Structures are given as structure tokens and as C-alpha cells.
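Colleague: Before we discuss this entry, could you put the sequence and the coordinates on the screen, so that we can go through them together?

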Amino acid sequence: MNAPDRYERFVVPEGTKKVSYERDTKIANAASFTVEREDHTIGNIVRMQLHRDPNVLFAGYKLPHPLQYKILVRIHTTGQSTLTQAYNLAINDLDNELQHLKKGFEDELMRFQER
Amino acid sequence: MSWKSSELDDLPKGLPEHLEIQRTRVICKNDAPIHTEGIQYSGAYASSGVDNTISFEKFSKDFKIEVIRLTEDEMEFDMVGIDASIANAFRRILIAEVPTMAIEKVFVVDNTSPIADESLAHRLGLIPINADPRLFEYLSENDVPNERNTIVYRMQVSCSKNSPQRLTVKSDKLEWLPEGSKLHEMVPGQQKTFTSFTNNQMEITKTPLGVKHEDITIARLGPGQAIELEAHAVKGIGKTHAKWSPVATAWYRMLPEVIFRKEIKGEEAVELVKKCPVKVFDIEDLANGEKKAVVARPRSCTLCRECIRGNTEEEIELRRVRDHFIFTIESASALPPEALFTEAVKILEEKCDRVLSELS
């Protein structure tokens with residue numbers, strides 16, 4: 001009865017930004033990114049990629065509530081890189097990996113179909 | 001004279017064996033698996049002098065895909081070198097975010113069948129439609145249904161009064177209307193037409209858009225009962241409703257490894273081969289007439305743990321390779337499974353781009 005419409009899981013409403021961030025006042029180089037209308041699919045991947053970055057001290061994500069469709073990604077870095085740099089670097093690395101994966105899959109498909 | 005451990009020649013390089021197993025394998029013990037977390041941090045083994053960074057070059061070198069089986073509806077392939085989170089993301093996207101066409105609106109003119117209108121509409125929605133969703137656009141609330149975003153089907157069945165038995169209505173009774181809705185002929189009223197098709201839909205799709213399986217039972221009619229309705233199919237994703245899921249299912253498992261810690265010979269070996277329900281083990285006859293158990297087909301291991309129950313618990317170790325995934329995709333839509341996976345990769349790339357922070 002009170003459940004939100006199903007399309008709310010992926011349609012960002014007017015006025016809200018897709019990604020917003022809040023710096024942590026008490027800890028240096030720490031912030032929380034709020035990504036609207038996303039879930040574990042992207043959250044777990046971004047967290048995994050952030051763990052691989054040597055400049056990142058802490059990275060984690062959570063869904064504050066299963067009926068509120070957003071994720072919170074919390075990142076602490078050493079002074080070496082800024083927070084948005086670390087976040088964007090992780091996602092760009094992911095993009096490169098996915099493109100390589102797609103190309104590898106298409107090549108393998110062609111090879112398989114020629115057999 | 002250099003004392004760095006990486007430069008001394010007679011010291012073993014890399015991690016000690018037990019740590020290497022912890023890093024790359026999940027060990028499945030009798031009650032629960034251990035070492036399930038992947039270690040991503042690049043400095044994890046810094047004190048041993050081993051670098052754990054996973055750079056893009058290392059990823060491209062280690063990454064491998066191998067297609068094992070490919071039929072019209074099903075595909076099994078191996079992906080080596082990716083992390084569990086990416087494998088899971090593909091599984092989630094294949095199930096819930098690859099778009100498909102499915103019947104959404106059903107306009108019922110006549111329904112005297114024993115199936116209620118809404119149950120009939122529910123059943124019609126779940127029927128897979130043989131239409132490539134990449135040729136269509138999404139239909140939003142303010143849009144007019146036209147040939148770019150709607151597929152129109154009509155069903156008109158009746159069972160004659162003199163019929164000795166019930167008539168089973170199968171999905172082949174859904175006929176495709178490439179020219180648009182004909183409801184205005186069936187229902188005289190003010191509304192000119194329910195859809196505004198400007199061209200024949202065949203020009204867009206080139207092939208007829210029927211249903212994928214023609215033998216799905218929709219309803220059964222007794223004598224004198226009839227169904228007359230028009231159904232409009234639109235594009236959607238599985239997140240909104242499961243009828244738009246393009247796969248019957250998609251799943252992955254990690255590559256199993258079965259290791260003998262001690263040799264198993266003789267009677268025990270024969271018993272072990274009998275215990276395994278998927279025939280992972282085989283008997284090898286040794287030169288002196290003894291029988292030894294060997295692992296013949298580790299890939300078919302389903303982790304039922306029959307082989308480590310009882311007295312053989314210490315002798316066999318069941319492991320999974322942490323970065324080797326065996327994917328299986330069963331397609332239930334117009335697209336073949338390899339096209340579905342390519343769409344899933346594209347969707348994940350788009351998601352990553354949308355999630356990039358514009359604040360920098």
C-alpha cells in the first residue's frame with residue numbers, strides 16, 4: 001500500500017542530482033557520496049575498485065533502506081589524492097576494464113563460431 | 001651486496017604456498033566455506049615483499065573468456081580474471097535491466113471464459129514476444145502509442161455451442177496487427193483510434209513479430225464461451241515487472257577444484273567413486289594391481305560434500321577458484337544469449353558513466 005512505484009527504482013526525479021557528496025567535518029579527507037536510484041549492482045563494483053587504489057584508506061557502501069533507492073559510498077583517502085579524484089579514477093578504471101571485457105567476449109564469440 | 005629479499009636469488013619469490021591458496025581459492029569445508037573475501041588491497045602482502053596491485057595491464061594479461069556451449073537459447077561460457085562483484089553485476093543486469101517487449105495493456109471487448117479479465121491479462125503479459133527490443137523505444141505516459149513503441153496483438157477465439165469438448169486457447173491465437181489498433185472497429189464510439197501508426201510496422205522490423213513459443217496455453221473455453229481482446233506490448237525492464245526479464249534465468253558458479261591431501265587406495269577408492277553423484281572421481285589401476293582414486297571431472301562438482309562426509313573428511317579438500325566464473329545464460333526473449341550478454345555489458349558501461357561525479 002505504501003510501496004513506491006516500481007519505476008522509482010531507476011528514474012531520477014526532477015531536481016535531485018544523481019550524485020551528491022558531503023564532506024565529513026570531523027575526519028580529514030573523508031566524504032560520503034550519495035548516488036540516487038542505484039543499488040548493489042554498481043555499489044559493490046565501485047567499492048571493490050576503490051579497494052584496489054593504494055591512496056584509499058577506507059571504502060564502503062550501503063543501502064540505508066531497501067525501499068529508499070539510493071546508495072551511500074563512504075571514502076577516506078590519504079592526503080595524496082582528493083576524494084572526487086579517487087572516485088572518478090575508480091569508475092574510469094572500471095570503464096576500461098569493461099571495454100576490454102566486451103572486446104574479449106566479441107573476439108571469443110567469433111572464434112567459437114568459426115570452429 | 002644487496003640484502004633486499006626481492007634481489008637475493010636463492011630465496012623463493014612470491015607468496016608462500018598456503019598464503020597463495022588463501023589469496024586465490026575459497027576452501028569449502030564440511031560446514032561452511034572459509035577465505036571467501038577477495039583481497040583487493042595492493043599493500044596486503046607488503047611485509048612479505050609481494051605486490052598485490054591489480055593494474056589494468058595485469059588485468060588484460062590475466063583476463064580470458066572461453067565459450068563452452070552455444071545454442072539458440074542457452075549459452076555456457078567461462079570468464080577468468082574478474083572479481084565476484086563484476087560477475088554478480090552481470091547476473092543482476094541480465095535478470096533485471098536488459099530491456100524486452102511484453103504485453104502491458106489489454107483491451108477486453110468480450111470475455112465469457114472461466115478466466116477473469118485480470119488473470120487473462122496477467123497470463124498474456126508473461127508470454128515471451130519475438131520482437132527485438134533494440135528496434136523499439138520506451139513508451140512513457142505522455143507519449144502517443146505509435147509503431148516505434150507499441151506492438152499490437154489481437155485475439156478472437158470462441159468455442160461453438162455444439163462443440164463436444166473444451167477448446168484450449170494457445171498462444172498462436174495471438175495475431176500481430178502491423179497496421180495498428182483495430183479496436184475502433186470493434187467498439188463503435190467517439191475515439192478515432194487507440195494507436196496512431198503512420199507506417200506499417202513491418203518496415204521497421206522486417207520479420208513478423210509473433211510470439212516466441214506457440215504452444216503456451218492461455219485459457220480454456222467451454223461451449224458458447226468467447227474471448228475477444230486487443231493487447232498492446234511495450235518495452236520495459238525486469239526491475240519494473242518480471243515479465244520483462246529476458247532470461248529464463250542467468251547464473252554463475254566458481255570453478256571447482258578437488259584436491260587429495262592423502263592418497264586414497266583400494267576399497268576406499270572404490271567406495272569414493274560410488275559416493276559421488278556426478279562422477280567426479282575415477283579409478284586408476286596401479287602397476288602392482290592396487291586401485292587408486294583420481295579426480296577425473298572436477299568441473300562437474302556440485303559441492304554436495306558427499307565425499308567429505310564421514311571418514312574421508314581429512315583426505316579430500318574441496319576448493320573453488322576465486323576469479324574463474326562459469327556463467328550460464330538461458331534466454332527467454334527474442335535475442336540470443338550472446339546478444340543478451342553484450343547488451344548487459346553495454347548497460348553496465350552506461351551505468352558507470354552515469355555514476356561519474358560531475359562535481360569535479
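Colleague: In the hairpin that S1(A) and S2(A) form, which residue of the turn has a positive phi, and of about how many degrees?

Modeller: This is a predicted model, and in it strand S1 (residues 19–23) and strand S2 (residues 30–36) of chain A pair in the antiparallel sense over five bridges. Within this pairing, Ser20(A) stands opposite Thr34(A) in S2(A). Six residues lie between the two strands of the hairpin, and the turn residue with the positive phi is Asn29(A), at about 55 degrees.

Colleague: Turning to chain B, which strand holds the partner of Glu175(B) in the salt bridge that links distant parts of the chain?

Modeller: Glu175(B) forms a salt bridge with Arg154(B), and the closest N and O atoms are 3.7 Å apart. Glu175(B) counts as partly exposed at 35% relative accessibility, while Arg154(B) is buried, with a relative accessible area of 18%. The glutamate belongs to strand S8 (residues 175–176) of chain B, and the arginine, 21 residues apart from it, belongs to strand S6 (residues 151–158) of chain B.

Colleague: Which backbone nitrogen does the side chain of Thr195(B) reach, and at what distance?

Modeller: Thr195(B) is placed in the loop between helix H5 (183–186) and helix H6 (202–205) of chain B, and at 5% relative accessibility this threonine counts as buried. Leaving aside neighbours within four places in sequence, the residues in contact with Thr195(B) include Pro145(B), Val152(B) and His232(B). The backbone nitrogen that the side chain of Thr195(B) reaches is that of Ser181(B), at 2.9 Å.

Colleague: How many salt bridges are counted between chain B and chain A?

Modeller: At this interface, 45 residues of chain B are in contact with 43 residues of chain A, and the two chains bury about 4300 Å² between them, 67% of it on carbon and sulfur atoms. One salt bridge is formed by Lys102(A) with Glu349(B), whose closest N and O atoms are 3.6 Å apart. The count of salt bridges between the two chains is four.

Colleague: Which element supplies the largest share of the side of chain B that touches chain A?

Modeller: Across the interface, eight residue pairs are found in polar contact. Among the elements of chain B that each supply at least two residues of the side touching chain A are strand S3 (64–70), helix H3 (84–96) and helix H8 (337–355). By class, this side has 25 nonpolar, eight polar and 12 charged residues. The largest share, 12 residues, comes from H8(B).

Terms used:
Residues are numbered from 1 along each chain as its sequence is written. Chains are lettered from A and ligands numbered from 1 in the order in which they are written. This is a predicted model: local features need pLDDT of at least 70, side-chain atom pairs count only at pLDDT 80 or more; totals for chains, interfaces and linings use all residues. Side-chain values use heavy atoms; hydrogens and water are left out. Contact means heavy atoms within 4.5 Å. Buried area is the accessible area (1.4 Å probe) that two parts lose on being put together, summed over both. A salt bridge is a side-chain nitrogen of Lys or Arg within 4 Å of a carboxyl oxygen of Asp or Glu. A polar contact is a pair of N or O atoms within 3.5 Å; within protein, one must be able to donate a hydrogen and the other to accept it, and residues adjacent in sequence count only if both atoms are side-chain atoms. Helices (H or I, at least four residues) and strands (E, at least two) are DSSP runs, numbered from the N terminus. Ala, Val, Leu, Ile, Met, Phe, Trp, Tyr, Cys and Pro count as nonpolar, Asp, Glu, Lys and Arg as charged, and the others, Gly among them, as polar. Buried means under 20% relative accessible area, exposed over 50%, partly exposed in between (1.4 Å probe, protein chains only). Two strands pair if DSSP finds at least two bridges between them.
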